[in-house]
Amino acid sequence: MANSIFVPQSYKKVIFNTKKIMDEKQINRNQLATRAGIRFQVATRFYEGTIERLDLDVLARVCFVLDCQVSDILMLE
């Protein structure tokens with residue numbers, strides 16, 4: 001049970017790198033929302049890295065709009 005969440009330990013955290021990618025490509029949250037067909041609030045959560053539940057279809061659309069891979073957006077720290 002060494003790799004169990006039931007054993008007190010420090011496990012890694014998922015980090016969103018969307019802000020950096022959007023800033024580099026000069027795409028704002030409104031543009032991301034419009035191009036990906038998502039609500040502005042969802043685009044803001046991607047930008048701020050505050051997503052709690054991830055919809056894989058939305059992630060795929062964001063990757064398409066930003067012309068990047070999932071591994072460019074999500075990082076395990």
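Modeller: Here we go, and keep in mind that this is a predicted model. Start with K13, which touches M75, L76 and E77, leaving out residues up to four places away in sequence.

Biologist: What makes those count as contacts of K13?

Modeller: The cut-off is heavy atoms within 4.5 Å. M75, L76 and E77 pass that for K13. In sequence, K13 and E77 are 64 residues apart, yet their C-alpha atoms are 5.3 Å apart in space.

Biologist: Where does K13 sit, and why is K13 called exposed?

Modeller: K13 belongs to the segment before β1 (14-16). Exposed means over 50% relative accessible area. K13 has 55%, so K13 is exposed.

Biologist: Okay, now the opposite end of that scale. Why is T18 called buried?

Modeller: Buried means under 20%. The relative accessible area of T18 is 0%, so T18 is buried. You'll find T18 in helix α1 (residues 18-24).

Biologist: What does T18 contact beyond its neighbours within four places in sequence?

Modeller: T18 is in contact with F46, Y47, L66 and I73. The T18 side chain also reaches the backbone oxygen of F46 at 3.3 Å.

Biologist: Which residues touch the most other members of the largest nonpolar core?

Modeller: That core has 20 residues, and L32, I38, F46, V62, L66 and I73 touch the most other members. Two or more residues each come from α1, α2 (29-36), α3 and α4 (56-66). The largest share, six residues, is from α4. As for I38, leaving aside neighbours within four places, its contacts are L32, A33, A43, V58, R61 and V62.

Biologist: What lines the largest pocket, and how do its residues split by class?

Modeller: Its lining is V42, R45, F46, I51, E52, R53, L54, D55 and V58. By class that's five nonpolar, no polar and four charged residues. Helix α3 (residues 40-48) gives the largest share of the lining, three residues. The volume of the pocket is about 150 Å³.

Biologist: What makes the phi of Q26 worth a look?

Modeller: Most residues other than glycine have a negative phi. Q26 isn't a glycine, but its phi is positive, about 55°. Q26 is in the loop between α1 and α2. With 70% relative accessibility against a cut-off of 50%, Q26 counts as exposed.

Biologist: Where is D67, and is D67 buried or exposed?

Modeller: D67 is in the loop between α4 and α5 (70-73). At 63%, D67 is over the 50% cut-off, so D67 counts as exposed. D67 is another non-glycine residue with a positive phi, near 50°.

Technical notes. Residues numbered from 1 in each chain as written. Predicted model: local features only at pLDDT ≥ 70, side-chain atom pairs only at ≥ 80, totals over all residues. Heavy atoms only, no water. 1 Å grid on protein atoms, 1.4 Å probe; cavity = no way out; pocket = protein on both sides within 12 Å on 5 of 7 lines; lining within 4 Å. Points joined across faces, edges and corners; volume = space filled by probe spheres on them. Helix = DSSP H or I, 4+ residues; strand = E, 2+ residues; numbered from the N terminus. Nonpolar A, V, L, I, M, F, W, Y, C, P; charged D, E, K, R; others polar. Buried < 20%, exposed > 50% of the residue type's maximum accessible area, 1.4 Å probe, protein only. Polar contact = N/O pair within 3.5 Å; in protein donor to acceptor, adjacent residues only side chain to side chain. Core = buried A, V, L, I, M, F, W, Y, C linked by side-chain atoms within 4.5 Å.
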